[in-house]
Amino acid sequence: PAYSFRGSKCPSEATCSPGPRYAIPSSVTKTGKHVAPSALVTARPKTKIQVTPGPSDYTTDRANKHVYYSAPVNSMASRPKDLKGFRTPGPGTYTLPRILGPHTAYTRAEPCYTLKGKSDYMSAFQDFAKTPGPAAFDKVEMDIYKNRAPKYTMGLKTKFLAKSMVPGPADYSPGKLSVIKTRDPAFSFGLRHSLYKASLVPETH
């Protein structure tokens, strides 16, 4: 027998870990390097010089009436021009809301009902021969509007068996006793056969 020797397998990625020769700093954690908070000093940002308005740029004459007491003054303005197409509506243009009945504007309305005449189509008032007679109505049972009385059913009288007609011991079948008692071992005998014996071939004509 001959055997072939192979080189050792490379270590897997799951087992590759640094040994004792590596010195890991204490500031390195599983989430990254821990750095203490510190102030950062940088240069001052450059700003554009803007020309801001001075005190003389503001006018406060109109605000004096809100600060100091002054006499009432009316302002004179030109009269507006009349519009030729504008016409005021007359008294008949407006519609007052309803006061009586449902759906009133500011009052409480009572329930309203509408009475409609009964139609004579296919009714007894159109043809008096179609009016039902006394025999057209079924008889109403009293059990519907009164307490129902108890009801009984009358059947045939049953015949009693004689005292001598009782089953004997032979009328019962005890069945197999192996159900309630232990059973002795039983064996079945079959036909004798051989694996090397040819099967019986009947004689044919």
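**View 1. Val 140 in the segment after α1.** Val 140 lies in the segment after α1 (64–67), where helices (H or I, at least four residues) and strands (E, at least two) are DSSP runs numbered from the N terminus. At 51% relative accessibility, Val 140 counts as exposed; buried means under 20% relative accessible area, exposed over 50% and partly exposed in between (1.4 Å probe, protein chains only). The model is predicted: local features need pLDDT of at least 70 and side-chain atom pairs pLDDT 80 or more, whereas totals for chains, interfaces and linings use all residues. Residues are numbered from 1 along each chain as its sequence is written, and side-chain values use heavy atoms, without hydrogens and water.

**View 2. The nonpolar surface patch that includes Val 140.** Val 140, Met 142, Ile 144 and Tyr 145 make a nonpolar surface patch of about 470 Å². Accessible areas come from the Shrake-Rupley method with a 1.4 Å probe, and for residues only the protein chains shown count as cover.

**View 3. Glu 110 and Leu 100.** Glu 110 also belongs to the segment after α1 and counts as exposed, at 57% relative accessibility. Ten residues separate Glu 110 from Leu 100 in sequence, and their C-alpha atoms are 9.4 Å apart.

**View 4. The elements of the protein.** From the N terminus on, the order is β-β-α. Of the 205 residues, 1% count as buried.

Note on methods:
Patch = residues over 30% accessible without salt bridge, like charges linked within 9 Å, V, L, I, M, F, W, Y side chains within 5 Å. Salt bridge = Lys/Arg side-chain N within 4 Å of Asp/Glu carboxyl O.
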